[in-house]
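Subject: Handing over a structure

Hi there,

Here is the structure I promised to pass on to you. Have a look at it first, and then read on for what turned up.

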Amino acid sequence: ITATEFLSNTAAGSGGAIYQDSPGPITIAESSFDGNRSNNRGGAIFVASNRVLSVDSSTFVNNRAWLYGGGVANQSGVMRVSNSTFSGNTLQDSGG
């Protein structure tokens with residue numbers, strides 16, 4: 001996924017914009033996640049157990065989750081993040 005904007009998406013469960021539970025890795029580059037919401041974990045992205053996500057040169061701004069991971073939630077998966085910005089991501093229940 002390259003040069004994509006994820007704006008104001010909502011999930012009833014986890015992963016407001018992306019729920020990574022595919023067997024292969026997902027790579028995101030030069031993309032933005034702004035104003036996404038989830039009613040569980042990962043306001044913008046949720047990474048399930050034993051899954052792989054790489055993020056490079058992307059921004060996560062003003063995303064919100066109910067339980068944890070205002071921007072991104074990782075449930076024992078593998079995440080690699082480089083040259084990215086996280087700002088204003090929050091949780092309904094507590095921190096961001």
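Predicted model: local features only at pLDDT ≥ 70, side-chain atom pairs only at ≥ 80, totals over all residues.

Aromatic rings

A search over the whole structure turns up four aromatic pairs. In one of them, the ring centres of F6 and F33 are 4.5 Å apart with their planes at 5 degrees, so these two are stacked. F6 sits in strand β1 (residues 5-7) and F33 in strand β5 (residues 32-34), so this pair ties together parts that lie 27 residues apart in sequence. Both partners are on the inside: F6 counts as buried because its relative accessibility is 14%, and F33 counts as buried at 0%.

F33 has a further stacked partner. Its ring centre is 4.7 Å from that of F60, and the two planes are at 0 degrees, which is why the pair counts as stacked. Here too distant parts of the chain are linked, with F33 in β5 and F60 in strand β9 (residues 59-61), 27 residues apart. F60 counts as buried, with a relative accessibility of 0%.

Together, F6, F33, F60 and F86 make up one aromatic cluster.

A closer look at F86

F86 belongs to strand β13 (residues 85-87). If you set aside the neighbours within four places in sequence, F86 is in contact with F60, V72 and V81.

Strands of a sheet pair through backbone hydrogen bonds, in either the parallel or the antiparallel sense. In this model, three strands form an open sheet with parallel pairing, in the order β3-β7-β11. The edges are taken by β3 (18-20) and β11 (72-74); each has a single partner strand, so one side of each has no neighbour in the sheet. On average, and ignoring direction, neighbouring strands of this sheet are turned by 5 degrees against each other.

How many bridges hold the parallel pairing of β3 and β7? There are three between β3 and β7 (residues 45-47). Within this part of the sheet, Q20 stands opposite V47 in β7.

Methods: Residues numbered from 1 in each chain as written. Heavy atoms only, no water. Helix = DSSP H or I, 4+ residues; strand = E, 2+ residues; numbered from the N terminus. Contact = heavy atoms within 4.5 Å. Phe/Tyr/Trp six-rings, centres within 6.5 Å; stacked < 30°, edge-to-face > 60°. Buried < 20%, exposed > 50% of the residue type's maximum accessible area, 1.4 Å probe, protein only. Pairing = 2+ DSSP bridges. Axes fitted to C-alpha atoms, helices over the stretch in contact; angles between N-to-C directions.
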